[in-house]
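Please read the points with the coordinates open.

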Amino acid sequence: MSGHGNPIPMSSAKCGPLTGTANVPGDKSISHRALILGAMAVGETRITGLLEGEDVLDTARAMRAFGAEVTDHGGGAWSVHGVGVGGFAEPENVIDCGNSGTGVRLIMGAMATSPITVTFTGDASLNMRPMARVTDPLALFGAQTVGRVGGRLPMTIVGARDPVPVRYTVPVPSAQVKSAVLLAGLNAPGQTVVIEREATRDHSERMLAGFGAVVTSEDTDEGRVITLTGQPELTPQTITVPRDPSSAAFAVCAALIVPGSDVLVPNIGLNPTRAGLFTTLREMGADLSYENERLEGGEPVADLRARFSQDLKGIEVDPARAASMIDEYPILSVVAAFATGATIMRGVAELRVKESDRIDAMATGLRANGVEVEEGEDWWIVHGRGHGAVPGGATCASHLDHRIAMSFLILGMAANADVGVDDGGPIATSFPIFEPLMAGLGANISRGA
Ligand code: S3P
């Protein structure tokens, strides 16, 4: 929901070895999709391991507002009684997606080809983020939009009464845009085609197929061409949500930089469209292994084991990998601070339109903590100081961005002086158990200015 109440200042101090098992929560991307597709199937979808973070809870509330019966059975077990493709009721009130770009963009897509009118809003961060990237393709289906200047929320979408299928090339690498178009295509007759020049996370395609939609992906000279046949009857599913690699990243990276650490992070989704960070860390010399590799619910899964890595080296990160680790650049920049040499990150303009401008937020906070950072519109370079040589000592602004807040708290675990964040409240959007989980491994995070 909009706003996170009073700011919660937090700080993190140097700690002894991090050890033990980190059971991180369910995958945020998959959790949103499970609720939304569950609401678009006829009958009961059962979900275990759902992420019960604020972002996903906002999507659950939204699905109820559209007429689905969404029930929390406790312990991450949920059920959704869906209303079928084209069966959404018009919500009586404004849909508040809080901090969640994924939630709002996917739901906009899902409703845009139904004859209902919906007003969307969010918190101060979400209401600054660009929505035209979604409403432009939705207009091609016949949906109409009225929003604030610059395509910002709050925004009202009038769903298409007689939707037509669309062929659309996504102009920016964005799984949210791709997914919004595919979800809109569900209630359009005929075939909707989405083309992405750079492959982004494919959870929507995998889950749509699981629900019985006919969806194909083909790699061509144009890029990846995804074709969906509209107006299927979606069959309810039993979904086990794998644990979130983007949350695992914080425990893994903390273990790599805190001397003596040895942490196991079990059951992590390692879909290749998500796992770029782990490849990058290994290239930097991280002691990181995959154990017990397997397939669960159509997604590759493994247990990650991360140990302190004294000799991390700065590298040039392959820009072709950007989409597969887009949410992990903030925490990578923290690891880069403890590496020797420069870590160069290019082709990452999208980082400027996340929950915050993540290049600016991290560069400012790292500099305040004694780390040199250079930046341009779509690139940045962190000049590593090496193990044991990051000064720390500053309090950083988290800009309503969970990943910025967690990244700086990890920095403080290995820096020479405490590192603070002005507001750790947003952490609850994706990783509500971050503090107790990190404390259980041996971290020293405290609340208060
Ligand atoms: C997501 C896609 C990415 C990512 C976000 C989750 C998704 O956003 O940053 O956290 O679940 O589809 P973009 O599609 O804007 O790259």
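The points below concern helix packing and strand pairing.

1. Basis. The model is predicted: local features need pLDDT of at least 70 and side-chain atom pairs pLDDT 80 or more, whereas totals for chains, interfaces and linings use all residues. Residues are numbered from 1 along each chain as its sequence is written, and side-chain values use heavy atoms, with hydrogens and water left out.

2. Helix 3 and helix 5. The axes of helix 3 (residues 101-111) and helix 5 (residues 175-185) come within 7 Å and cross at roughly 25 degrees. Helices (H or I, at least four residues) and strands (E, at least two) are DSSP runs, numbered from the N terminus; axes are lines fitted to C-alpha atoms, for helices over the stretch in contact, and angles run from 0 to 180 degrees between N-to-C directions. Helix 3 and helix 5 are therefore roughly parallel (angles under 35 degrees).

3. Residues of that contact. Helix 3 contributes Gly101, Thr102, Arg105, Leu106, Gly109 and Ala110, and helix 5 contributes Gln176, Ser179, Ala180, Leu183 and Ala184; contact means heavy atoms within 4.5 Å. By class, the contact of helix 3 with helix 5 has 5 nonpolar, 5 polar and 1 charged residues (Ala, Val, Leu, Ile, Met, Phe, Trp, Tyr, Cys and Pro count as nonpolar, Asp, Glu, Lys and Arg as charged, and the others, Gly among them, as polar).

4. Helix 10 and helix 11. For helix 10 (residues 358-368) and helix 11 (residues 402-414), the axes come within 11 Å and cross at roughly 25 degrees. That makes helix 10 roughly parallel to helix 11. Arg358, Ala361, Met362, Gly365 and Leu366 in helix 10 meet His402, Arg403, Ile404, Ser407, Phe408 and Leu411 in helix 11. The residues of this contact comprise 6 nonpolar, 3 polar and 2 charged.

5. In the order 4-5-3-14, 4 strands form an open sheet with mixed pairing; two strands pair if DSSP finds at least two bridges between them. Strand 4 (69-74) and strand 14 (238-240) stand at the edges, each with a single partner strand, so one side of each has no neighbour in the sheet. The twist averages 15 degrees from one strand to the next. Strand 3 (residues 42-48) pairs with strand 14 in the parallel sense over 3 bridges, and Thr48 stands opposite Thr240 in strand 14.

6. The hairpin. Strand 20 (residues 372-376) and strand 21 (residues 379-385) pair in the antiparallel sense over 5 bridges. These strands form a hairpin with 2 residues between them, and Glu375 stands opposite Trp380 in strand 21.

Conventions. Parallel < 35°, antiparallel > 145°, perpendicular 65-115°, else oblique.
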